[in-house]
Amino acid sequence: MNAPRARRLVRLAAIARERLTRRHPGLLRERGTETLPVRLDQRRIYVLPTGFGVGFAVLLMVMLLGALNYNNNAALLLTCLLGATAAQSMLGAFRTLHGLSLERVRGGSAQAGGQVRVELVFAASVRTRHGLEIEAGPARAAFALPADVPGCVALELHCPRRGWQALPPLRLGSSWPFGLFRAWSWLRPQARMLVYPRTEAGGPSPPQAGGPGDTARHRGTAGDEPAGLRDYQPGDPPRHIAWKPSARSGQLLLRLHEPPREHADWRLRWQDTRGLPHEQRIERLARWVQQAHLENRRWTLELPQGVLGPDRGSGHCHACLAALALLP
Amino acid sequence: MSANAPRPASDPLPRLRQALAQVNAVVLGKPHAVRLAFACLLAGGHLLLEDIPGVGKTTLAHALAQTWGLAFQRVQFTHDLTPGDIIGVGIYEREQGGFRFHPGPLFTELLLADEINRGTPKVQSALLEAMAEEQVSIEGETRALPAVFTVIATQNPLDAAGTFALPDSQLDRFLMRLSLGYPDTQAERALLAGEARRTLLRELPPLLDAQDLLDLRGRARRLTVSSSVLDYLQALLTASRAHAEIRIGLSPRAGLALLAAARAWALLAGRGYVMPEDVQAVFAAVAAHRLQPLRQATRDSLAAALLAEVGVQA
Amino acid sequence: MNAAAQRPDLRSFALLSLTAAAVLVLHAGHLPLWLPPPLLLLLAWRWQGYRRGLRFPAALRYLLVLALPLAVVASYGTLFGRLPGAALAVGLLVLKLTETERLRDARIAVAVAAFVLMSALLFGQSLLMTVLVCATLWPALATLAALQPGSGGTAALLRESALRLALALPVALLAFVLVPRLSTPLWGAPGAGEARTGISARMSPGAIAQLLIDDSPAFRVGFDGAIPPRAQRYFRAVVLWHFDGRSWTPGHAALPLEPLAARRPPLRYTISLEATRQTLLPALDIPLRAAAGTRFTAARTLLAAHPVDQRLRYTLESATGYALDPRLSPAERALALQLPAGADPRTRALAARWRRQTGGAGAAIIAAALRLFHDGGFRYTLVPPPLGHQQVDDFLFDTRAGFCEHYASAFVFLMRAAGLPARVVAGYQGGYANRLAGYVLVRQSDAHAWAEVWLRGRGWVRVDPTAAVRPERISLGATAAAQGAGAPWYLSGWWLGLRDRIDIVNRLWDQAVVGFDALRQRGLLTRFGVDPARWQSLALALALLLGALMAVAMALTLHEPRARVDALARAYAVLERRLARHGYRRSGSEPPAQFLQRVATTLPPQPARRLYELSTGYARLRYACTPSAPALAVRDWIRRAREFRL
């Protein structure tokens, strides 16, 4: 075979494959992503007998031959009934998938190296669907969708790397009701999840002492030392009554306190992690961010790409982790 | 109208409408927020007012307490406030020769917790626990709070220095979160031209009382909720859980809160049944602070987006 | 972990055990007594163990697997055959459950159960048995469904399986009608060990009654010429000479072949006999010559050299008008007058009286006997009351109810007692003439018994006393005769009536299903233009019809109702569309009532008012009424919505 002819054959094969996947979007695993919602129709649902189904067919043939051979019509009727039920269960498997509509895919937050919980939300349908199975790579889940309410199934996917992670192709299948036939369809919803960077297991705290970002308002007086006394007024917290001075003065006196020491704001800077490998720098910053959030501090994250904050709270924490995840 | 005008003991519904008008006359230009505050009271929930200072948060709380004829206490949250300060303490009394419990401001019908985010997490959680349990345990003794015990908490979202923001998990102890916002020009002019709010508040006659409130709450609970309204409500909950921008959707407790608020709203409209309109009216106030956005979207915009996305079946 | 390797949940194991128990019970009727109780105990023990998550001790299982065949051999002497096979299969099914620890095992166990279930039908095809066996498919299929991951609650499973079975029933019936039947078995012979009986060489009370309810074909006769009328279709199988007071037997005397003189041109025909495991070969009236491989008895009935194990075809020429054995030898006469000593004195007395009255004239005695049967209050029934020791006396003077066997026996007794040589002939009578195919199908239920009386100058003459009681028996067949027989059922008590009804149902079942063989299939299908002789055309018809059914089912599947819409919602949608034509559109999230109000605010007062009323009316109907709005109010709203015009 000469080279141009081989090239033409390859091209023809590619065209055929492209046509096939366009006409039958659920048949093959590989293909571009689809926009949500994805509705399963007859064009993309495939049905084949399972191994057990093939075995069952052999059993039915044996039963048929036996009934015919012994001219036993009752047995023949039984065989026909069992056979018709088995054959019709093919429609059962098909019907379980048909009309199913994947509305949304929601990824939870995850850390690299961990598991992310991905929830697939299906539109409400008029009938209950039993025996559904979904697979994404090694992750699989079996579920049923009750009628008239939107349904949800969760998969635990492994996230090896930080950053955007695309959803692997999903195989939605069902062998309902008897496990004799398997209907399936490949889904490739356009969905991606943000995987936060791994956090360092341990390491130094952010370099703050004496730094320009340290805004601690610590004045060196202990919080429980009274800074002064004033007369008690109704409604004042009784706990703050200074009993000893009160006893001395004969009237109730109230202790005045200094405001307690506030947690200092943190400045978490990319430069401060100099000397570490790239990924470890990100992991350290991620740990600092989480530590700051846990201590209910305000913090600023300074990255080469820009500065986030100063702010506090879970929203800020997620924004910072997202920025770290998306670093090159 | 004078403070000791005879109060009719009959059906509280007309007086409820009167009360609404009376509070609207004090808190100018915020009829929707006032109505939501009423709904919150009728649904038996606590209210979180989140706004900058000076837009009338305190005025609203005062006006509500006055008009509803509820015993009122105000606690200014500060960093040195302790749980005992709001719950109360046992004080040794020489004459009796033992400790006597001095109930704190918590033991009231309507409690205004001003600038709640200035209190330490310890105080906050003591308050929120009392709100959830409707009782407090002090030194092993359980004391019930009044039957209509309601908290109106305020916080300033912008003033972050030296504050302890309420954690997300605690936020849903509040049935509703409202912001009043600046009054519009017309209302502001009326405000400037009219009497001082403080004077007005002093003169507000109580139109209802705690018993009325309990009656009305019972009545709201008995309103008819058809399956199509439940369908819609469930669709909203599911959509919140499925939304791409929302990290954590609405909990079942949020669903119950939504239903209670919608019932109260329908009662305020004088209807005997709940409509999807009622659910929509209270949705932002009830749901927004319970949504946890995935990215930088604001909670209010998420609530609005959910409302726009979820269809109402005919 | 592979999904098929998981342990089935308790629910599916419970369903599986239930299935196995049902199979065991259905087989219990023909299993040896020692087998079902230990198997049930084993099943119960296993269920208890499974519930606690225990495995069945492997050593014990191996022991049982070894012991089972040994026990079967000890009981039957062999492992092969229908009964030992069934015992073994049921035992293995229960043992399979003891090793079921994975989904795969459970599925295989269900398949095994289905097979063992079918084998129960080899022992009886009654309607009840078939219904019970088919009903056992229900838990079996529910087990399979329960083994699926993501299956619903048990109620849902049972509902699903029942629904699937119900939906499959029409397809199953169609397939049953169309599956090509085998004309000859592919292997083995049916019913090894147990004779597929036909007429036997011994007529004891009730022997023929058993045949009369057996609708399976006995043989088919193809005639070279026209089919003789039904009343002339007497197929002789065996001639019975000897009566011992209870049973008629051929007797043992060696007699010469009776000479035959044909008076009419003989009929030529071919009989295709089903396997009988006997040597008796039925033949129409009196064959002229024995066919190849067969031999005559003295009374010119045919015997095969070997028991008929397979369908046998033989061609004969028979005389229907004849003189048989015109000169009776003394030995024959002695045999033809034999009566058990001292039996039935009243009958003997009656016969003696006739003889005195007629002076021994044969025709007159026969006429007297037939008159007695016809006018003496006799009735024809397939369920006769029991007879005592003096069988003939009891029958003639007390019960006066019976069928051909009783009449033939009593008649021959009377003749002999009156001094006329007579004998009983057993065989078949009538049969179903398939005019289309040009042959006669004779079923076991066409079995009959009649008499032959020797008259001087005419030889052996056939007399059918049953015809005197119930002429339809000869013109219509036993079933028809029995149904019209005797007193009305309510006089015989409700039990008899119920029994008759059950009998009718069973007969219908036997005819429609059990007896639906290649022949009936041909009779049914030729009417629809399918030629069942060629199995290809049958298969084609089967495939086409099943394909059509599949297409219908597929179309029904693809037709997916979008949502449940009630009348109010439909009417609202119509109104909404009408408003949309005028530019008023509702976004999906706008509540329906609010939308109408919004539109109303833009309208002139009159339609605005009406639309506002529609809005509040809709809200009341939709939201204020639980669980549903009053139909009258809904109709009223729909009418007003329809009348609304902008």
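In the predicted model, Glu452(C) and Arg423(C) are both buried. The two residues form a salt bridge in which the closest N and O atoms are 2.9 Å apart. Glu452(C) belongs to strand β19 of chain C and Arg423(C) to strand β16 (residues 422-429) of chain C, so this pair ties together parts that are 29 residues apart in sequence.

Glu452(C) also forms a salt bridge with Arg236(C), with a distance of 3.0 Å between the closest N and O atoms. Strand β19 (residues 447-455) of chain C carries Glu452(C), and strand β2 (residues 234-240) of chain C carries Arg236(C); the pair therefore ties together parts that are 216 residues apart in sequence. Arg236(C) is buried, as is Glu452(C).

A further salt bridge in chain C joins the side chains of Arg268(C) and Glu317(C), at 3.6 Å from N to O. Distant parts of the chain are linked by this pair, with Arg268(C) in strand β6 (residues 267-273) of chain C and Glu317(C) in strand β12 (residues 312-319) of chain C, 49 residues apart. Arg268(C) is partly exposed, its relative accessible area being 42%. Glu317(C) is likewise partly exposed, at a relative accessible area of 23%; the value for Glu317(C) is not under 20%, so this residue does not count as buried.

In chain A, a network of salt bridges links Glu133(A), Glu135(A), Arg140(A) and Arg182(A). Over all chains, the structure holds 38 salt bridges.

Methods:
Residues are numbered from 1 along each chain as its sequence is written. Chains are lettered from A and ligands numbered from 1 in the order in which they are written. This is a predicted model: local features need pLDDT of at least 70, side-chain atom pairs count only at pLDDT 80 or more; totals for chains, interfaces and linings use all residues. Side-chain values use heavy atoms; hydrogens and water are left out. A salt bridge is a side-chain nitrogen of Lys or Arg within 4 Å of a carboxyl oxygen of Asp or Glu. Helices (H or I, at least four residues) and strands (E, at least two) are DSSP runs, numbered from the N terminus. Buried means under 20% relative accessible area, exposed over 50%, partly exposed in between (1.4 Å probe, protein chains only).
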